[in-house]
Amino acid sequence: KRCGQEEKMGGFTSRSRWRSAFQVRPRNPRGLGALPAPAAMASPAVSPDSSSHEALSSVNSAPACSPTSDSENLSPDELELLAKLEEQNRLLEADSKSMRSMNGSRRNSGSSLVSSSSASSNLSHLEEDTWILWGRIVNEWDEWRKKKEKLLKELIRKGIPHHFRAIVWQLLCSATDMPVKNQYSELLKMSSPCEKLIRRDIARTYPEHEFFKGQDSLGQEVLFNVMKAYSLVDREVGYCQGSAFIVGLLLMQMPEEEAFCVFVRLMQEYRLRELFKPSMAELGLCIYQFEYMLQEQLPELNIHFRSQSFLTSMYASSWFLTLFLTTFPLPVATRVFDIFMYEGLEIVFRVGMALLQFNQAELVQLDMEGMSQYFQKVIPHQFDSCPDKLILRAFQVKYNPKKMKSRLEKEYAAIKNKEMEEQIEIKRLRTENRLLKQRIETLEKVS
């Protein structure tokens with residue numbers, strides 16, 4: 001049954017074919033990378049790129065509104081490469097007919113992006129250049145991370161092409177060849193105390209996405225497997241609602257064993273484990289840090305939120321726990337996730353603050369109920385046509401990592417310690433009060 005389901009998924013017809021398609025091979029003598037041409041490459045499991053704009057992003061990258069915060073530090077050759085990609089992409093974006101023709105959430109990698117368009121030749125050149133470039137990046141990964149880090153960062157901010165996301169995400173978080181991968185099949189044979197909770201929640205994870213629709217779908221089956229396996233590897237965290245959205249996105253890109261390894265690495269190295277611990281102390285810290293940024297950079301909006309008792313946790317908690325996967329449509333959220341894989345939680349702070357900057361004028365006019373509706377219905381779809389506008393604004397946000405790490409973490413720890421001391425004192429006083437009441441009742445009975 002499972003094999004039959006996999007065959008129906010188009011490009012992801014078998015795991016062996018998927019792995020061979022993404023295998024990092026030695027460079028060829030011309031140094032152009034060893035990945036196959038686009039038409040010959042098997043598609044990953046399920047594409048989240050369901051909008052026409054993400055089709056543009058998947059062949060790379062951003063139009064003129066893309067961020068170039070580090071461009072001044074790039075070499076002339078690297079700047080020329082970025083400019084070439086951007087110019088070709090502008091030609092594509094100008095052809096609205098081409099963009100309308102790019103639809104479907106699971107394009108076969110060999111299908112034409114444009115059926116008949118004046119930009120088709122430019123598109124093919126762009127696609128070819130992008131495949132050569134990212135094929136070179138994958139095959140020369142260590143060199144790019146060490147010697148071309150700034151250019152790599154710029155390219156990731158512009159969006160990793162869809163067909164390269166699986167391998168690039170694994171490389172970014174060093175999740176290839178992890179020992180825990182060998183434990184995966186054995187973990188699935190064990191039982192977890194979190195199984196009922198996981199079963200209940202997976203039906204709520206991407207309920208409209210074709211891969212996860214239906215109780216017997218392959219998506220729900222593999223999502224359950226990964227969440228169960230992690231709950232056994234990390235019993236302190238077990239299972240936390242919200243983490244399934246992150247795993248679900250990984251499963252849209254790669255088989256379950258690889259998704260499991262990436263998720264383990266994200267939990268270990270990207271602060272996610274601290275976010276998902278039962279106490280959720282790290283979430284409290286993130287909210288405290290975000291409130292500081294809000295007070296410093298948008299004081300008028302901060303005062304309005306306070307006057308309406310509109311707490312930061314009411315709208316920002318899901319941003320940190322699901323990395324905007326429950327906020328934006330998948331094409332936009334995946335672009336943010338690309339950057340998260342390279343730069344960590346900083347992008348959540350930046351994107352969150354950028355959203356508030358874009359919408360401050362409207363939000364200050366609304367009451368608490370109006371703001372709640374605005375966050376749910378308006379904000380999620382503001383950047384469907386140009387995620388790069390959001391990314392550009394995000395990297396214009398003032399963010400001081402040293403202040404966030406040293407000063408604000410210490411302040412928050414001091415506040416929590418004081419609260420804990422107060423709670424201990426309150427508990428002591430309550431106990432003392434109870435004992436006094438018992439003593440008074442005893443004395444009254446004697447008298």
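## Charges over rings

In this predicted model, the charged end of Arg-157 sits over the ring of Phe-395, 3.6 Å from its centre, where sitting over a ring requires NZ of Lys or CZ of Arg to be within 6 Å of the ring centre and within 35 degrees of the ring normal. Arg-199 has its charged end over the ring of Phe-224, again with 3.6 Å to the ring centre.

Residues are numbered from 1 along each chain as its sequence is written, and side-chain values use heavy atoms, with hydrogens and water left out. Since this is a predicted model, local features need pLDDT of at least 70 and side-chain atom pairs count only at pLDDT 80 or more, while totals for chains, interfaces and linings use all residues.

## The chain as a whole

The protein chain has 23 helices and 0 strands; helices (H or I, at least four residues) and strands (E, at least two) are DSSP runs, numbered from the N terminus. Of its 447 residues, 52% count as buried, a word that stands for under 20% relative accessible area, with exposed meaning over 50% and partly exposed lying in between (1.4 Å probe, protein chains only).

Contact means heavy atoms within 4.5 Å. Among the contacts between residues at least 6 apart in sequence, 79% join residues at least 24 apart.

## Two packed helices

Two packed helices are described by the angle between their axes and the distance between the axes. Helix H8 (residues 149–157) and H19 pack at an angle of about 155°, and their axes are 9 Å apart; here axes are lines fitted to C-alpha atoms, for helices over the stretch in contact, and angles run from 0 to 180 degrees between N-to-C directions. This angle makes H8 roughly antiparallel to H19, because angles over 145 degrees count as roughly antiparallel, under 35 as roughly parallel, 65 to 115 as roughly perpendicular and the rest as oblique.

On the H8 side, Glu-149, Leu-152, Lys-153, Ile-156 and Arg-157 meet Arg-335, Asp-338, Ile-339, Tyr-342 and Glu-343 in H19.

## Aromatic rings

The structure holds 24 aromatic pairs. Rings of Phe, Tyr and Trp (its six-membered ring) pair if their centres lie within 6.5 Å, and planes under 30 degrees apart count as stacked, over 60 as edge-to-face and the rest as tilted. One of the pairs joins Tyr-270 and Phe-340, which are tilted, at 5.2 Å centre to centre and 45° between the planes. This pair links distant parts of the chain, for Tyr-270 lies in the loop between helix H14 (256–269) and helix H15 (272–276), whereas Phe-340 lies in helix H19 (residues 330–343), 70 residues apart. Both Tyr-270 and Phe-340 are buried.

The rings of Phe-310 and Tyr-315 have centres 5.5 Å apart and planes at 15°, so this pair is stacked. Phe-310 is buried, with a relative accessible area of 5%, and Tyr-315 is buried too, with 4%. Ring pairs also link a cluster that includes Phe-310, Tyr-315, Trp-319, Phe-320 and Tyr-399.

## Around Leu-283

Leu-283 is found in helix H16 (residues 281–297) and counts as buried at 9% relative accessibility. Leaving aside its neighbours within four places in sequence, Leu-283 is in contact with Leu-275, Ser-317, Phe-320 and Leu-321. Although Leu-283 and Phe-320 are 37 residues apart along the chain, their C-alpha atoms are separated by 7.3 Å.

## Cysteines

A disulfide is a covalent bond between the sulfur atoms of two cysteines. The structure holds 0 disulfides, counted as pairs of cysteine sulfur atoms within 2.5 Å. Cys-173 is in no disulfide, and the nearest cysteine sulfur, that of Cys-261, is 9.1 Å away. Cys-173 counts as buried at 4% relative accessibility, and Cys-286 counts as buried at 0%.
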